[in-house]
Amino acid sequence: MNRRFRVKGISGIETYIELLAEAPGGYDARITSIADHHVRESCEYISNELLDSCIRTGYLSPVEEPALREAVLTA
């Protein structure tokens, strides 16, 4: 599975959502936020409807694996 998206959000904070597994009506996801001096991770549920809406409106955009790794390594 492991589809990844970049969240359009607050300046200075890079946030990514990684879909880990399908769940009833949606996905289990890992949310990683990277700021100047820390990385915050949490696991959440995201419904199919919310995911589709976020992609359609441009709030989430697909990213390739190297971009996520590079952001985490440089944080």
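This is a predicted model: local features need pLDDT of at least 70, side-chain atom pairs count only at pLDDT 80 or more; totals for chains, interfaces and linings use all residues.
How many bridges join strand 2 to strand 3? Now the reply: nine bridges join strand 2, residues 14-23, to strand 3, residues 26-34, and the two strands run antiparallel.

Let me put that pair into its setting. The sheet is an open one, built from five strands in the order 4-3-2-1-5, with antiparallel pairing. At the edges we have strand 4, residues 39-47, and strand 5, residues 60-62, each of which pairs on one side only. If you look at how neighbouring strands are turned against each other, the average is 30 degrees, direction ignored. Then there is helix 1, residues 48-57, which packs on this sheet and touches strand 1 (3-7), strand 2, strand 3, strand 4 and strand 5. The direction of helix 1 makes about 115 degrees with that of strand 4.

Now, please follow me along the hairpins. Between strand 2 and strand 3 the hairpin has two residues, and here Gly 25 takes a positive phi near 80 degrees. Going on from strand 3 to strand 4, the hairpin runs through four residues. Strand 3 and strand 4 are antiparallel too, and nine bridges join them.

Tyr 16 has Thr 32 in strand 3 as its bridge partner. Leu 19 stands opposite Ala 29 in strand 3, and Ala 29 in turn has Glu 44 in strand 4 as a bridge partner. For Ile 34, the bridge partner in strand 4 is Val 39.

Thr 15 sits in strand 2. Is Thr 15 buried or exposed? With a relative accessible area of 14%, Thr 15 falls under the 20% cut-off and therefore counts as buried. Its side chain makes a polar contact of 3.1 Å with the side chain of Ser 33. Apart from neighbours within four places in sequence, the residues in contact with Thr 15 are Phe 5, Arg 6, Val 7, Ile 31, Thr 32 and Ser 33.

Thr 32 is on that list, and its place is in strand 3. Thr 32 is buried as well, because its relative accessible area is 7%. The side chain of Thr 32 makes a polar contact with the side chain of Glu 41, at 3.4 Å. Setting aside neighbours within four places in sequence, Thr 32 is in contact with Glu 14, Thr 15, Tyr 16, Val 39, Arg 40 and Glu 41.

On to the nonpolar side of the story. The largest nonpolar core has 10 residues: Phe 5, Val 7, Ile 17, Leu 19, Tyr 27, Ala 29, Ile 46, Leu 51, Cys 54 and Leu 60. Which elements give two or more residues to this core? They are strand 1, strand 2, strand 3 and helix 1.

Finally, the charges. Searching the whole structure turns up three salt bridges. One of them pairs Arg 4 with Glu 18, where the closest N and O atoms are 3.0 Å apart. Here distant parts of the chain are linked, with Arg 4 in strand 1 and Glu 18 in strand 2, 14 residues apart. Both Arg 4 and Glu 18 are buried; for Glu 18 that is so because its relative accessibility is 8%.

Glu 18 also forms a salt bridge with Arg 30, with the closest N and O atoms 2.8 Å apart. This pair again links distant parts of the chain, from Glu 18 in strand 2 to Arg 30 in strand 3, 12 residues apart. Arg 30 has a relative accessible area of 28%, so Arg 30 is partly exposed. Put together, Arg 4, Glu 18 and Arg 30 are linked in a network of salt bridges.

The remaining pair is Glu 14 and Arg 6, a salt bridge whose closest N and O atoms are 2.7 Å apart. Glu 14 counts as partly exposed at 28% relative accessibility, and Arg 6 is partly exposed with a relative accessible area of 31%.

Terms used:
Residues are numbered from 1 along each chain as its sequence is written. Side-chain values use heavy atoms; hydrogens and water are left out. Two strands pair if DSSP finds at least two bridges between them. Axes are lines fitted to C-alpha atoms, for helices over the stretch in contact, and angles run from 0 to 180 degrees between N-to-C directions. Contact means heavy atoms within 4.5 Å. Buried means under 20% relative accessible area, exposed over 50%, partly exposed in between (1.4 Å probe, protein chains only). A polar contact is a pair of N or O atoms within 3.5 Å; within protein, one must be able to donate a hydrogen and the other to accept it, and residues adjacent in sequence count only if both atoms are side-chain atoms. A nonpolar core is a set of buried Ala, Val, Leu, Ile, Met, Phe, Trp, Tyr and Cys residues joined through side-chain atoms within 4.5 Å. A salt bridge is a side-chain nitrogen of Lys or Arg within 4 Å of a carboxyl oxygen of Asp or Glu.
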